Amino acid sequence: MLEHPFNQVVEKIAVSDIRQFDAEVSQIPGIIKLTLGEPNFNTPEHIKEAAIQAIRDNHSHYTPNAGIPELRKATAEYYNKKFNLNYTPEQVITTIGATEAINASFQAILNPGDTVIVPTPVFPLYMPITMVNQGNFITVDTSEDGFILTPEKLRATIEAHPEKTFKAVVLVYPSNPTGVTYSKEQLEALSVVLKEYGLWALCDEVYAELTYSGTHTSLASFLPDQTIVITGLSKSHAMTGWRIGYILGPVPFINEVVKTHQYMVTSPSSSSQYGALAAMLHGQGDCDIMKAEYQQRRDYLAKELRRLDFEVASPDGAFYLFAKIPAKCGTDSWAFVRDLAKNAKVALIPGVSFGPGGEGYVRFSYAASMENLTEVVARLEKYLA
């Protein structure tokens with residue numbers, strides 16, 4: 001047997017504990033799960049019909065690596081109109097979900113030993129992807145700053161480690177798990193530091209259309225030559241299983257990332273791309289109904305959790321509430337969620353899963369029916385009493 005039969009970096013990472021815990025609690029009869037970030041809506045009918053028609057029309061062959069040209073064009077126009085951007089079709093790559101987009105992007109920019117700055121709490125995706133692409137990462141706890149990376153903290157992190165080769169900063173907004181997002185002014189201030197140090201900003205904006213206070217602003221508005229925008233249709237159009245994501249970025253970057261994307265996946269499925277084309281051409285308002293319902297659920301759940309002595313982060317977007325566990329329940333988030341699942345039949349995700357700054361919190365996903373949310377509140381009230 002070889003001394004090292006497997007990739008030693010891969011051996012150091014683990015399967016997501018969020019997924020493991022979800023599978024674990026799914027075995028409990030009668031449990032209500034507010035665990036996974038998946039819309040409880042179905043894909044709009046016009047998108048489904050477009051994909052079905054594509055199959056009938058025998059669109060079942062390989063497509064260009066970066067996606068069918070009409071989809072790249074429609075995607076650029078869609079996001080330009082939505083968020084006042086200025087992308088051309090040549091600056092868009094269609095990917096197999098946002099996860100592949102992140103992986104392909106890091107593979108294109110990271111050299112061995114490069115360091116990525118990851119503000120936390122954050123969905124535990126970016127660190128392992130950095131590692132398997134030969135990079136290192138430094139986390140920055142933002143819990144004392146309203147879960148926002150400040151320019152001062154970004155600069156301090158860079159200057160505290162002169163021995164490191166910093167390559168990129170990850171920004172996830174609206175945020176999973178906190179629901180917090182960045183204002184135009186906060187992004188503009190961050191762009192000054194990013195430009196000064198010549199860093200890439202990998203901006204995961206997959207929840208951009210689920211912004212409740214005002215309109216989403218992209219960092220690409222201020223720093224287009226250093227911004228990699230990651231987005232997709234899973235959340236905005238309830239298409240998680242279709243696996244359609246996008247990378248938008250400057251042309252020199254796109255010319256490199258199309259290589260990593262090509263050798264990773266070739267291209268997304270043709271029928272999914274034609275469904276996505278319908279979403280981009282005719283689905284500008286598809287998210288509106290979902291967004292209105294999410295906002296109603298957010299307002300209800302935030303109010304009720306505060307009544308039950310949870311402290312809730314300002315939930316400006318996405319469909320999550322990041323709530324501080326009531327003092328009488330301690331600060332061990334794993335102990336809390338396991339006991340809650342066992343004795344109240346409510347499943348949440350422990351805050352510690354999201355890195356530094358997350359312990360003592362739990363994440364609620366309100367991508368669930370109002371009926372389930374009201375029942376969760378009733379069970380929580382009984383449990384806490």
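Colleague: What makes the contact between the side chains of Arg338 and Glu24 a salt bridge?

Modeller: The model is a predicted one. In it, the N to O distance between the side chains of Arg338 and Glu24 is 3.7 Å. The rule asks for a side-chain nitrogen of Lys or Arg within 4 Å of a carboxyl oxygen of Asp or Glu, so the pair qualifies. By this rule the count comes to 14 salt bridges.

Colleague: Which parts of the chain does the pair of Arg338 and Glu24 link?

Modeller: The pair links distant parts of the chain. Arg338 lies in helix 12 (residues 333–344) and Glu24 in helix 2 (residues 17–25), 314 residues apart.

Colleague: Why are strand 2 and strand 8 said to pair?

Modeller: Two strands pair if there are at least two bridges between them. Strand 2 and strand 8 (residues 245–248) have 4 bridges, in the antiparallel sense, and therefore meet that requirement. Within strand 8, Leu248 is the bridge partner of Val92.

Colleague: What makes strand 2 (92–95) and strand 4 (136–141) edge strands?

Modeller: The order of the 7 strands in this open sheet is 2-8-7-6-5-3-4, with mixed pairing. Strand 2 and strand 4 each pair on one side only, and they are the edge strands. From one strand to the next, the twist averages 20°.

Colleague: Which strands does helix 5 (residues 97–109) touch as it packs on the sheet?

Modeller: Helix 5 touches strand 2, strand 3 (115–120), strand 5 (166–172), strand 6 (200–204), strand 7 (227–232) and strand 8. The direction of helix 5 makes about 160° with that of strand 7.

Colleague: What are the bounds of domain 1 and domain 2?

Modeller: The domain assignment gives domain 1 as 10–42 + 287–384 and domain 2 as 45–283. Their centres, taken over C-alpha atoms, are separated by 25 Å. The contact takes 34 residues from domain 1 and 32 residues from domain 2.

Colleague: How much area do domain 1 and domain 2 bury between them?

Modeller: They bury about 2700 Å², 63% of it on carbon and sulfur atoms. In domain 1, Cys287, Asp316 and Phe354 lose the most area to domain 2, together 21% of what that side buries.

Colleague: How many salt bridges and polar contacts are counted between domain 1 and domain 2?

Modeller: The count is 0 salt bridges, beside 12 residue pairs in polar contact. Helix 11 (286–307) is one of the elements on the side of domain 1 that touches domain 2, and helix 11 gives the most to that side, with 6 residues.

Key: Residues numbered from 1 in each chain as written. Predicted model: local features only at pLDDT ≥ 70, side-chain atom pairs only at ≥ 80, totals over all residues. Heavy atoms only, no water. Helix = DSSP H or I, 4+ residues; strand = E, 2+ residues; numbered from the N terminus. Axes fitted to C-alpha atoms, helices over the stretch in contact; angles between N-to-C directions. Contact = heavy atoms within 4.5 Å. Domains from an automatic or database assignment. Buried area = accessible area lost by both parts, 1.4 Å probe. Polar contact = N/O pair within 3.5 Å; in protein donor to acceptor, adjacent residues only side chain to side chain.
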